Number of protein chains: 2
Amino acid sequence: MCNTEYLPGQVTYTCPRDGGNLDVILDYSALSKKYQPADITTRTDGSLWRYLPLLPVSDPGGDETPLRAVGWTPVFNLQQSALKLGLSHLWLKDESRNPTASFKDRASAVVVARTRKMTGMDGQPPILVTASTGNAGAALAGMAAAVGQKAVIFSPKTAPAAKVAQLLVFGARVLLVDGTYDDAFDLSIKASNAFGWYCRNTGYNPFTLEGKKTAAFEIWEWFEKVLKTQKESNMRTDLTIFVSVGDGNIISGIHKGFKDLQAIGWLEQMPRIIGVQAEGSAAISNAFHAGIEEIKPVSAATLADSISVDMPRDGVRAVRAARETGGTYITVSDSEILNAIPELGRVGIFAEPAGATAYAGLVAAVRKNLVKPDDPILVMNTGSGLKDVKAVMQSVANAPIIEPTLEAVRKIL
Amino acid sequence: MCNTEYLPGQVTYTCPRDGGNLDVILDYSALSKKYQPADITTRTDGSLWRYLPLLPVSDPGGDETPLRAVGWTPVFNLQQSALKLGLSHLWLKDESRNPTASFKDRASAVVVARTRKMTGMDGQPPILVTASTGNAGAALAGMAAAVGQKAVIFSPKTAPAAKVAQLLVFGARVLLVDGTYDDAFDLSIKASNAFGWYCRNTGYNPFTLEGKKTAAFEIWEWFEKVLKTQKESNMRTDLTIFVSVGDGNIISGIHKGFKDLQAIGWLEQMPRIIGVQAEGSAAISNAFHAGIEEIKPVSAATLADSISVDMPRDGVRAVRAARETGGTYITVSDSEILNAIPELGRVGIFAEPAGATAYAGLVAAVRKNLVKPDDPILVMNTGSGLKDVKAVMQSVANAPIIEPTLEAVRKIL
């Protein structure tokens, strides 16, 4: 981390000096002079574009397409689960309600907006490319399709069929790489450079973070409202957020969003951010608990494929997201993740394994007394259970097959 | 159809005289005296509960749960597709954005609301039950789970694994019936009667229609806005709606919604409703084109499992939905349905086969000159492609597997 600053036109992806990930720095003092919170919170757009003044891209324009319908996801009150866990205030933000059913739509939407005014050799916006185990690829393919841009996706050949199908249906060119996610990642960068494509890679392109930070903006808006309506209750004002961590880009994005709000002077209290990793893919958690920022690669093995990463691409910022907010990292086993899926299902939320990981982390945190009963807690569900049904099937018993008779029903009940 | 009227407490499901499906009749003259359209359209709830004054249930109460987040789905402007088809005005209403990713959430939400104040033998709201190939079951299981009610789902054992997984994750008791959907349907009714459960079955419980009609309310609100913003253009004011048809309950529900609006005096022009069936499951289309209302069962065979029905349970009303609005029925082959999936994907929408069927119907209608180039057209996508990935996989070519080298990329492009 050399702390060098560049102008927007000077750099496209990472730091030319040390290869580190770049943060987009907004002109916070100008923003705080120009806007009041109400200028944002009274906007009527039910999407992340309500935060356009705080984003480093211009309006992507065009008609009502799925690109315009990203974000502004619902927050559900998990009263039954809270009761079960002995907590007073528990909510879940359901990112599976995004157009391609995962958190990644936020990043892809902002990256696509960034390219709308760029031109390649043919005078058109450039071809978009990313490496992805599935969700980020689907998000890029879907958002690109929405505005008629082309996308190329590099996936490890182990990506679940459901996720690959979605990429193909969106018309993306999909190349299944005979290797790991990390091989696909490296190849996508080489290919972008060789062919003049615009690379969306997570933990590489600084604009993914700018998209993901909009989740923090929504949490901020939502929690301000909760605090207002709960004024008479003694609810504490320090929010704790649980989020699953693979590459480290989502947790970093959420942190960036809160830091932006703080820099503008709109955030009263920085939430505590707790990252949850699968035991078998815990490179960032390892660094956090070793008290360092150096990320040592692991040989990742977890059924939560969206967070199965050998070498996290956004590890440093992900460590800081927990460290600088008084948070921590928790690891959970695959069986804890599998248990969390029907736990969320029983309150009406269908999460993919990586999404349920955050809830599994909360369960572990309660057990380890890392949260207090009266902590206001928000769990992020990052993707839909429909994304990876094979894994989900492992979390429930098979349904019995019966003869079509009342007797058969009676017998089985 | 004996046209007998009953009071709300007199009947639970179908007509005791002839077994026909019942319509809920609101007090339209009281409603038109009590409300103006603006009383509805200025409400801030982004869900079907904004239409509570026009629904025969009371507020389901409770906190923010998925039950409160049903409906108010986005309408996308399909400019690229319109251009391709030679149309001027083409939109798609994306019902896959509902909590359990299909249109059926609307029906289940209203049915669950209906039972919130009912009590079974234990003093609790009754166990909910339905027969379902998947979407209706998932919707009922999800909505019931959201408010802590129990659900029992009877599915034919051929239901796709992805859909069954969703039922199980939501904590429903799932019984896979060794038989057809129709066998599951009959058994669910027998079991409801035998065990005192409340049956949500489509084309049986009159409240499913009341939930589904909310889509018509949303279309009405949306189209009024479109007409206002397009005032200077010469856009015609007669909307044509394409919707896929299996049981016939969705098309009947949409029709009911518009009829309600007409009865209150808020609808300027009844849209033309065009039903689209799979060739292999076309019982309602057959009756429509024979000019009769008698539905003769077929031996259903289509990959669009959500609309694969031997004996449609809401055929009479479904025939009338097209006949009374100047619409028609169109049948499409499975290969036309499969073609429609990537067609929609290319503009960023991922539909399940039954959802893409409506678009396939539009393509056929254009070919047969059943629509005029300047007709304003709305296509309903009734469910997410993630619901049935096996079928979707048939609609796209496999992605190639490559070595992780730039050379391999170069070679394949």
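User: If two strands pair when DSSP finds at least two bridges between them, which residue of S11(B) stands opposite A:Leu176?
Analyst: This is a predicted model, in which local features need pLDDT of at least 70 and side-chain atom pairs count only at pLDDT 80 or more, whereas totals for chains, interfaces and linings use all residues. Residues are numbered from 1 along each chain as its sequence is written, with chains lettered from A and ligands numbered from 1 in the order in which they are written. Strands (E, at least two residues) and helices (H or I, at least four) are DSSP runs numbered from the N terminus, and strand S5 (residues 173–177) of chain A pairs in the parallel sense with strand S11 (residues 401–402) of chain B over two bridges. Within S11(B), the residue opposite A:Leu176 is B:Ile401.

User: In the open sheet of five strands, which are the edge strands?
Analyst: The strand order is S11(A)-S5(B)-S4(B)-S3(B)-S6(B), with parallel pairing. The edge strands, each of which pairs on one side only, are S11 (401–402) of chain A and S6 (198–199) of chain B.

User: Which residue of S6(B) is the bridge partner of B:Val129?
Analyst: Strand S3 (residues 128–131) of chain B runs parallel to S6(B), and two bridges join them. The partner of B:Val129 in that strand is B:Cys199.

User: At about what angle to S3(B) does helix H7 of chain B run?
Analyst: Axes are lines fitted to C-alpha atoms, for helices over the stretch in contact, and angles run from 0 to 180 degrees between N-to-C directions. Helix H7 (residues 181–195) lies across S3, S4 (151–156), S5 (173–177) and S6 of chain B, and its angle to S3(B) is about 155 degrees.

User: Which helix gives the largest share of the side of chain A that touches chain B?
Analyst: Two residues are in contact if their C-beta atoms, placed from the backbone, lie within 7 Å, and in this sense 67 residues of chain A are in contact with 68 residues of chain B. Of the side of chain A that touches chain B, the largest share is seven residues, and these come from helix H6 (residues 161–169) of chain A.

User: What radius of gyration does chain A have?
Analyst: The radius is taken over C-alpha atoms, and the globule rule is 2.2 Å times the number of residues to the power 0.38. For 413 residues a compact globule would come near 22 Å, which agrees with the value for chain A, 21 Å.

User: How many residues of H9(A) are buried?
Analyst: The expected span of a helix is 1.5 Å times one less than its number of residues, so the 16 residues of H9 (residues 249–264) of chain A should span 22 Å, in agreement with end C-alpha atoms that are 22 Å apart. A residue is buried if 20 or more other C-beta atoms lie within 10 Å of its own, exposed if 12 or fewer, and partly exposed in between, with C-beta atoms placed from the backbone. H9(A) is mostly covered, and of its 16 residues the number buried is 14.

User: Which residue of S10(B) stands opposite B:Asp94?
Analyst: Strand S2 (residues 89–94) of chain B is largely enclosed by the rest of the structure, because six of its six residues are buried. B:His89, B:Trp91 and B:Lys93 point one way from S2(B), while B:Leu90, B:Leu92 and B:Asp94 point the other way. Three bridges join S2(B) to the antiparallel strand S1 (residues 75–77) of chain B, and six join S2(B) to the parallel strand S10 (residues 376–381) of chain B. In S10(B), the residue opposite B:Asp94 is B:Asn381.

Definitions and conventions:
Two strands pair if DSSP finds at least two bridges between them.
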